[in-house]
Amino acid sequence: MLKFTDEHEWLKVEAGVATVGITEHAAGQLGDLVFVELPETGSTFAKGDTAATVESVKAASDVYCPLDGEIVEVNQAIVDDPSLVNSDPQGAAWFFKLKLADPNAADALLDEAAYKELVA
Amino acid sequence: MEDISHLKHTPLRALHLSLGARMVPFAGYEMPVQYPDGVMKEHLHTRTAAGLFDVSHMGQVIVRPKSGKIEDAALALEKLVPVDVLGLGEGRQRYAIFTNAEGGILDDLMIANRGDHLFLVVNAACKDADFEHLKKGLSDSCEVTMLDDRALIALQGPHAEAVLGELWADVSAMRFMDVAEADLHDVTCIISRSGYTGEDGFEISIPSISAADVTQRLLEHPDVKPIGLGARDALRLEAGLCLYGNDIDTTTTPVEGAIEWAMQKARRAGGAREGGFPGADRILGQFAQGASRRRVGLKPEGRAPVRGGANLFADTEGKTLVGKVTSGGFGPTVDGPIAMGYVDATHTDNGTAVYAEVRGKYLPVVVTALPFVKQTYKR
């Protein structure tokens, strides 16, 4: 199940664990990324908390946790090479995997069509 | 989306839009922050070929002596700037600052001697205040005119001289800070060999009506690409150059701002025209005794950028505040984070370790000589 937030994160939910990243639209708006800071595995976040930070040449931006949950894995590849977020934001450049506190919570988020309408 | 309909436009706005620029508000103008290539590529292109910048938002001011003698305009202007204007030869340009009575900096600017008048270029955000300041200070002896019918572009980078030569004019005899007239695309322009990137290059004042034509023609050259404000800021930061309003302002003196080099011997203690500018007591006092703080280069040790506004501490717990970052970001040529800011006088030596507060952490930062990238001016 692929879902989106109005803060421009995407979530791919499988068996109660969401793989989370930022959308192609967000990556384009941010421009060339030069630094990514990810949360620690095992940390827990509430929906809307700042879970990660991305920095372009010009500015720093927060990446919010899309739902309540616990970080179970992070993607070191984008820390080592932040430009991966620009080149493959909705694929190889996922940010973290979130074990959802409520596995059904993602149902209420935007589907792909609704998100596309949002950024159109 | 932010409403930008109230903003002023430069004569090149339509060209920026046709090139796919992302426009943002800057100093009351709608300006291109980047083009489709993006900040990183634009930056590197400027350092390796030639980048073209629209800086038409800046103020262009003419100061003409009523007596007809350029010396009278120079001496009048020296009452507002701590710079040797009288000693500036015809066809030469010099960096300057307007100071206030407390020794703070009202703006920074360029002054060129154009033979029968002085030609000034001031910052966009300050230009109206600067114009009033000039009229108030100089009206007795000079006519002060803001030129609102001219655009200003900059062509910067190692290929800039060759590009102008191939298209229109041999400018190879010009040295850094020379100013001359030249016909570009059959338009008479005022060209100075200067810029804000640390690279060799030119700043070109063009009648507004011809600005888009000249710029378009430059952009047709394969070595030239348009560069936005994003890359402009990273380029000047790597070059160690101050951004007025960030790195110098009314609360910083030229000594604190480490731009004493802008004050020639004639205006310093013991000089032929010592003092005689606003704030002279304080500024010359700091020349003699030093200031309690100073602007320095700052190199973060990790990969995380340290931005303007970050506090600097002597320790990793945030106990002893020793300064503040005024500009910071990522340097594409340096390939790492870079910054500048003010530290107290006991922490100014190169190699001194300080700690920047970023998102609740204290990141190690080393006081480092400026510039971060070697300037390549043709002297």
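Modeller: Buried residues, those with 20 or more other C-beta atoms (placed from the backbone) within 10 Å of their own, make up 49% of the 379 residues in chain B. This is a predicted model, in which local features need pLDDT of at least 70 and side-chain atom pairs 80 or more, while totals for chains, interfaces and linings use all residues. Residues are numbered from 1 along each chain as its sequence is written, and chains are lettered from A in the order in which they are written.

Colleague: Why is chain B called as compact as a globular protein of its length?

Modeller: The globule rule, 2.2 Å times the number of residues to the power 0.38, gives 21 Å for 379 residues, and the radius of gyration of chain B, taken over C-alpha atoms, is 21 Å, close to that value, so chain B is as compact as a globular protein of that length.

Colleague: What makes A:Lys58 count as buried?

Modeller: A:Lys58 has 22 C-beta neighbours inside 10 Å, and the cut-off is 20 or more, so A:Lys58 counts as buried.

Colleague: Which residues of chain B does A:Lys58 touch?

Modeller: A:Lys58 touches B:Val39, B:Gly230 and B:Gly329, where contact requires C-beta atoms, placed from the backbone, within 7 Å. An unreviewed UniProt entry annotates A:Lys58 as "modified residue: N6-lipoyllysine", although such annotations may be inferred rather than shown by experiment.

Colleague: How many residues does each chain bring to the contact?

Modeller: Chain B brings 14 residues and chain A brings 10 residues.

Notes
A residue is buried if 20 or more other C-beta atoms lie within 10 Å of its own, exposed if 12 or fewer, and partly exposed in between; C-beta atoms are placed from the backbone. Two residues are in contact if their C-beta atoms, placed from the backbone, lie within 7 Å. Lists of a residue's contacts leave out its neighbours within four places in sequence.
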